[in-house]
Amino acid sequence: MTRPFRHAAGHSPRRTAETPTPRTAPAVPAAGPAETPERAARLDRPPVVIVVPAVLALAAGLWDLGGPPPWRDEAATVSAVGRTFPQLAHLLQSVDAVHGLYYALMHVVAGLSGTAEVALRIPSVLAGTLAAAGTGAIGRALGAPRAGLYGGVLLALMPIFSRYVQEARPYAMTAAATVGVTLLFLRVLRSPTSAVLAAYAAALTVLAYLNLFAFLVVGAHGVAVILSRGPLLRWACAATPALAAVAPLAWLGSRQSAQVEWIPRPAAADVGRLAVQLFGDLGGATGPGVAPLTWALALFGLAYAAVVGVRRARAARSAEKPEKPAEKPEKPAETPAEKPPATLDALVRLTLPWLLVPALALLTASWAAHPVYVFRYVFCCVPAAALLAGAGLAALPPGLAAAVLTAWLGLSVPGQLATRGPDGRQDDPRPVMALLAAEAQPGDGVLFVPAKVRKYETVYPSVFGRLRDVALARSPEQDGSFPGREVGTRVLAARLDGLRTLWVVGHTGKNAMPARRRALVARSFAPAGRWTFRGLFVDRYVLRHAHRSNGAGVGK
């Protein structure tokens with residue numbers, strides 16, 4: 001019963017003179033009803049199936065790479081990778097241990113190329129290139145090169161893919177690692193040797209250390225093994241040591257659960273947004289986007305796979321019946337050219353669990369226990385949606401497939417522009433920095449609300465280096481944290497004395513200073529302006545001149 005998946009995991013069979021396909025009974029094509037054998041042979045070549053998606057992903061990733069503004073999570077990356085290894089280890093003991101491997105890799109990158117946003121985003125672009133190439137390779141390994149080619153192209157040009165490929169965070173690397181682990185999984189199904197199982201276990205471990213929640217893909221692989229009736233015991237023998245290797249990270253991450261306390265319990269709107277984002281869109285107000293068409297292609301691919309599966313089952317039952325000796329063999333025994341319908345079944349058995357299991361697991365945990373669902377934690381499932389949609393495109397005649405792909409590309413443009421614009425991230429710190437650079441004077445004071453906004457000091461040292469961080473008691477590097485440690489009210493009052501201007505920089509929605517600190521500022525300073533930008537605000541306070549004369553801190 002494992003033959004279809006094992007065949008699918010290998011290379012597509014070559015047509016030879018020993019297995020001719022008679023003209024009177026043309027074979028069902030591998031990737032669509034209108035594909036010729038010559039075209040299929042060309043598409044099966046690695047330069048087409050693998051290189052074309054890779055080139056497109058690289059071009060899309062490099063397009064305006066410095067355009068998206070760095071947001072608060074990227075500021076955390078800059079803060080982490082600019083530390084020494086001992087300081088980084090100190091940080092990981094208290095926060096972000098689940099990103100430790102990524103920070104260690106990016107520390108090396110920062111040492112070579114600096115901490116400019118473009119330099120730190122390049123590894124994510126390269127990872128996205130590998131993910132797109134690997135998606136094509138999965139389709140080819142399943143014997144459906146057109147599905148792999150189209151799937152890799154769709155993935156490379158999805159707005160949601162560009163969103164995470166163009167940031168200095170681990171999620172593009174996680175997607176590439178997930179694709180690589182899945183390719184190894186196909187090797188496990190085909191040839192579960194000790195070497196393959198060991199490589200698969202090691203790859204799973206690396207994946208988990210890039211993103212702990214991405215390890216949920218192992219559950220998807222388990223479902224795929226069961227559905228294909230594959231070597232379940234041998235697969236478990238590889239997954240179990242990987243689970244054991246990941247357990248210490250999971251334990252340490254659970255002790256740092258405060259860093260996910262901000263995650264809300266998912267609502268119905270979040271589930272709807274998940275369906276949009278998994279199929280290529282940003283989930284924002286960027287027009288109809290590509291998601292509806294991607295859904296339609298994926299559903300068509302599923303329907304086509306179901307139809308050819310039923311026809312194949314009927315043909316198999318008919319072949320089991322004894323034929324009459326005198327009957328002319330109008331249709332020869334099944335040849336390798338007629339195997340591809342089984343590869344579509346294999347593609348569905350692989351991609352559906354990959355698409356659904358991690359997201360459903362996080363949603364269920366978020367509803368039943370503690371909220372842990374954020375889309376970027378399941379971003380590694382987007383290649384599965386791209387492969388399903390690629391199978392739908394591959395089932396269309398070539399001319400119609402080209403027209404549909406062109407329409408899809410047109411629908412992707414608003415999302416591609418949006419993710420590279422000022423609204424493409426949760427924060428837009430650039431106008432904040434422009435305001436401070438133009439208006440703040442050397443020696444002015446600055447307060448951060450909340451304290452973790454201090455991460456932007458490492459991103460824009462030329463702006464904040466001129467200002468006095470009046471609340472800082474212990475630097476983030478010394479404290480082993482991102483916000484550092486702040487002084488108490490008495491010390492802050494002494495530091496405010498003598499200032500003429502105080503700037504307060506904070507996150508919108510979290511702009512309330514503690515009551516005692518707010519009262520302290522109001523006693524000596526009067527508000528002199530407020531500016532609100534995407535995700536951030538700036539308040540300006542100037543010294544109350546009357547405060548010096550009467551000591552009462554009375555207002556205007």
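Reader: Where is Pro 450?
Author: In this predicted model, Pro 450 sits in the loop between strand S1 (445-449) and helix H20 (456-459).

Reader: And what kind of peptide bond joins Val 449 and Pro 450?
Author: A cis peptide bond, with omega at about -10°.

Reader: OK, zooming out. How many helices and strands are there in the chain?
Author: The chain has 25 helices and seven strands.

Reader: What share of the residues count as buried?
Author: 52% of the 556 residues of the chain.

Reader: What about contacts in the chain, how much comes from residues 24 or more positions apart?
Author: Taking contacts with a separation of 6 or more, 79% are between residues 24 or more positions apart.

Reader: Now helices. At what angle do H8 and H18 cross?
Author: Roughly 15°, and the axes of helix H8 (residues 145-157) and helix H18 (residues 398-419) come within 10 Å. Angles under 35 degrees count as roughly parallel, so H8 is roughly parallel to H18.

Reader: Is that crossing right-handed or left-handed?
Author: H8 passes H18 in a right-handed crossing.

Reader: Which residues make the contact?
Author: From H8, they are Arg 146, Tyr 150, Leu 154 and Leu 157. H18 supplies Pro 398, Ala 401, Leu 405, Trp 408, Leu 409, Ser 412 and Gln 416. By class, the contact of H8 with H18 has eight nonpolar residues, two polar and one charged.

Reader: What about H23 and H24, how far apart are their axes?
Author: The axes of helix H23 (residues 489-496) and helix H24 (residues 515-524) are 11 Å apart, and the packing angle is about 25°. That angle makes H23 roughly parallel to H24. Their crossing is right-handed.

Reader: Which residues meet there, H23 to H24?
Author: Thr 489, Leu 492, Ala 493 and Leu 496 of H23 meet Arg 516, Arg 517, Leu 520 and Val 521 of H24. Five residues of this contact are nonpolar, one is polar and two are charged.

Reader: Back to single residues. Is Ser 162 buried or exposed?
Author: Ser 162 counts as buried, because its relative accessibility is 3% and the cut-off for buried is under 20%. Ser 162 belongs to helix H9 (residues 159-165).

Reader: What does Ser 162 touch?
Author: Leaving out residues up to four places away in sequence, Ser 162 touches Ala 60, Ala 156, Gln 416, Thr 419 and Arg 420. Gln 416 is also one of the H18 residues in the contact with H8.

Reader: Where is Gln 166, then?
Author: Gln 166 is in the loop between H9 and helix H10 (171-190). Its relative accessibility is 0%, so Gln 166 counts as buried.

Reader: And which residues is Gln 166 in contact with?
Author: Setting aside neighbours within four places in sequence, the contacts of Gln 166 include Ala 60, Gly 61, Leu 62, Trp 63, Asp 64 and Leu 65. Pro 68, Glu 74, Arg 121, Arg 420 and Arg 425 are also among them.

Reader: You listed Asp 64. What is its phi?
Author: Asp 64 has a positive phi of about 50°, though it is not a glycine. Asp 64 is in the loop between helix H3 (46-62) and helix H4 (72-81). With 39% relative accessibility, Asp 64 counts as partly exposed.

Reader: And the phi of Arg 229?
Author: Also positive, about 55°, and Arg 229 is not a glycine either. Arg 229 lies in the loop between helix H12 (217-228) and helix H13 (232-255). Arg 229 counts as exposed because its relative accessibility is 55%.

Reader: New topic: where is Val 372, and what does it touch?
Author: Val 372 is in the loop between H16 and helix H17 (382-394). Not counting residues up to four places away in sequence, Val 372 touches Phe 213, Ile 263, Leu 362, Ala 365, Ser 366 and Tyr 377. At 15% relative accessibility, Val 372 counts as buried.

Reader: How far apart are Val 372 and Val 260?
Author: They are 6.9 Å apart, C-alpha to C-alpha, and 112 residues apart in sequence.

Reader: Last one: where is Leu 356?
Author: Leu 356 is in helix H16 (residues 340-368). Leu 356 counts as partly exposed, because its relative accessibility is 41%. Its C-alpha atom is 8.0 Å from that of Cys 381, 25 residues apart along the chain.

Methods. Residues numbered from 1 in each chain as written. Predicted model: local features only at pLDDT ≥ 70, side-chain atom pairs only at ≥ 80, totals over all residues. Heavy atoms only, no water. Axes fitted to C-alpha atoms, helices over the stretch in contact; angles between N-to-C directions. Helix = DSSP H or I, 4+ residues; strand = E, 2+ residues; numbered from the N terminus. Parallel < 35°, antiparallel > 145°, perpendicular 65-115°, else oblique. Left-handed = near helix turned anticlockwise from the far one by under 90°. Contact = heavy atoms within 4.5 Å. Nonpolar A, V, L, I, M, F, W, Y, C, P; charged D, E, K, R; others polar. Buried < 20%, exposed > 50% of the residue type's maximum accessible area, 1.4 Å probe, protein only.
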